[in-house]
Amino acid sequence: MGRLTRFVLAGGIGFVADAAALWLLLSATPLGPLAARVLSIGFALCVTWQINRHVTFSPSSRGMAREGARYGGVGIATSIVNYLVYCAALFALPSLPPLAALVIASLVAMALSFLGYSRLVFDR
């Protein structure tokens, strides 16, 4: 149970990084919510890799480059799910604030992320 708690904590930090980057991009650039979300996801993925690597799971036996590639693969797959749920929520509910859509999408993707990272990246 400790690993799951640490994963949720890492995800919470990643969520804050994602939300802050999204808010900053929407406030300070001409990017719309869809393009800004692509960049914020990338930023959050980098943040959570380091937290999950050092706190949640510990480094894998694969070496940093190979681990990073696997983490990126799982992260991209779950980020696609996250992004599709985000877009679907915004299109289905046009008055929904982008940050609310982010919450919904992040919760959906969290379970997939834990399974992928724990089984395919960090040898657990």
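**Nonpolar patch**

I looked up which helices build the nonpolar patch: helix 1 (2-28) and helix 4 (98-121) each supply at least two of its residues. Helices here are DSSP runs of H or I with at least four residues, numbered from the N terminus. The model is predicted, so I note that local features need pLDDT of at least 70 and side-chain atom pairs pLDDT 80 or more, while totals for chains, interfaces and linings use all residues. Residues are numbered from 1 along each chain as its sequence is written, and side-chain values use heavy atoms, with hydrogens and water left out.

The patch members are L4, V8, V103, L107 and M110, and together they make about 390 Å² of nonpolar surface. A patch takes residues with over 30% relative accessible area and no salt bridge, with nonpolar side chains (Val, Leu, Ile, Met, Phe, Trp, Tyr) joined within 5 Å and like charges within 9 Å. Areas are from the Shrake-Rupley method with a 1.4 Å probe, and for residues only the protein chains shown count as cover. Helix 4 gives the most, three residues. I checked L4, which lies in helix 1; its relative accessible area is 36%, so I logged L4 as partly exposed. The cut-offs are under 20% for buried, over 50% for exposed, and partly exposed in between (1.4 Å probe, protein chains only).

**Salt bridges**

I found two salt bridges in the structure, each defined as a side-chain nitrogen of Lys or Arg within 4 Å of a carboxyl oxygen of Asp or Glu. In one, R37 meets D18 at 2.8 Å, N to O. R37 is in helix 2 (residues 33-56) and D18 in helix 1, so the pair ties together parts 19 residues apart in sequence. R37 and D18 are both buried.

The other pairs R53 with E67, with the closest N and O atoms 2.5 Å apart. This pair links R53 in helix 2 to E67 in helix 3 (residues 64-92), 14 residues apart. I logged both R53 and E67 as buried.

**Cysteines**

I looked for cysteine sulfur atoms within 2.5 Å of each other, the rule for a disulfide, and the count was zero. C46 is exposed at 53% relative accessible area, whereas C87 is buried at 9%.

**T48**

T48 sits in helix 2 and counts as buried, at 12% relative accessibility. Leaving out residues up to four places away in sequence, T48 touches A10, G14 and Y71; contact means heavy atoms within 4.5 Å.
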